[in-house]
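Please look over the sequence and the model below.

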Amino acid sequence: MNTPFLLIAMYDARAVIPIEWVARDFFSHLTAEKLVRKISAGDIALPLVRIEDSARCAKGVALLDLAAYIDRRVEAARKECQQLTGQG
């Protein structure tokens with residue numbers, strides 16, 4: 001599957017996905033605010049786009065960065081599964 005293509009369809013071809021949507025769709029265990037904190041602390045390797053320099057500005061994640069993050073997590077899950085099952 002082509003992750004960027006699927007995200008383009010999911011988010012109506014938006015270049016930057018609002019952080020609230022990213023939290024809702026991929027980090028449902030976190031609020032948007034907690035997700036921003038984890039990204040800012042380096043706990044989640046996902047570039048955060050700030051629309052301007054204000055602390056209260058709109059924040060989001062570039063679609064291609066989100067796709068790359070998802071693909072990295074999928075690959076890590078595949079490696080883990082192979083190690084656990086002895087396949088690969």
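## Thr 3 and helix α1

Thr 3 sits in helix α1, residues 3–10. Helices here are DSSP runs of H or I with at least four residues, strands are E runs of at least two, and both are numbered from the N terminus. This is a predicted model, where local features need pLDDT of at least 70, side-chain atom pairs count only at pLDDT 80 or more, and totals for chains, interfaces and linings use all residues. Residues are numbered from 1 along each chain as its sequence is written, and side-chain values use heavy atoms, leaving out hydrogens and water.

Thr 3 counts as buried because its relative accessibility is 13%; buried means under 20% relative accessible area (1.4 Å probe, protein chains only). Its side chain makes a polar contact of 2.5 Å with the side chain of Asp 71. A polar contact is a pair of N or O atoms within 3.5 Å; within protein, one must be able to donate a hydrogen and the other to accept it, and residues adjacent in sequence count only if both atoms are side-chain atoms.

## Helix α4

Helix α4 covers residues 63–85. Its 23 residues should span 33 Å at 1.5 Å a residue, and its end C-alpha atoms are 33 Å apart, so the two agree. The expected span is 1.5 Å times one less than the number of residues.

Leu 63, Leu 66, Ala 67, Tyr 69 and Ile 70 are the buried residues of α4. Their cover includes α1, β1, α2 and β3. Just after α4, Gly 86 has a positive phi of about 75°.

Technical notes: Buried < 20%, exposed > 50% of the residue type's maximum accessible area, 1.4 Å probe, protein only. Contact = heavy atoms within 4.5 Å.
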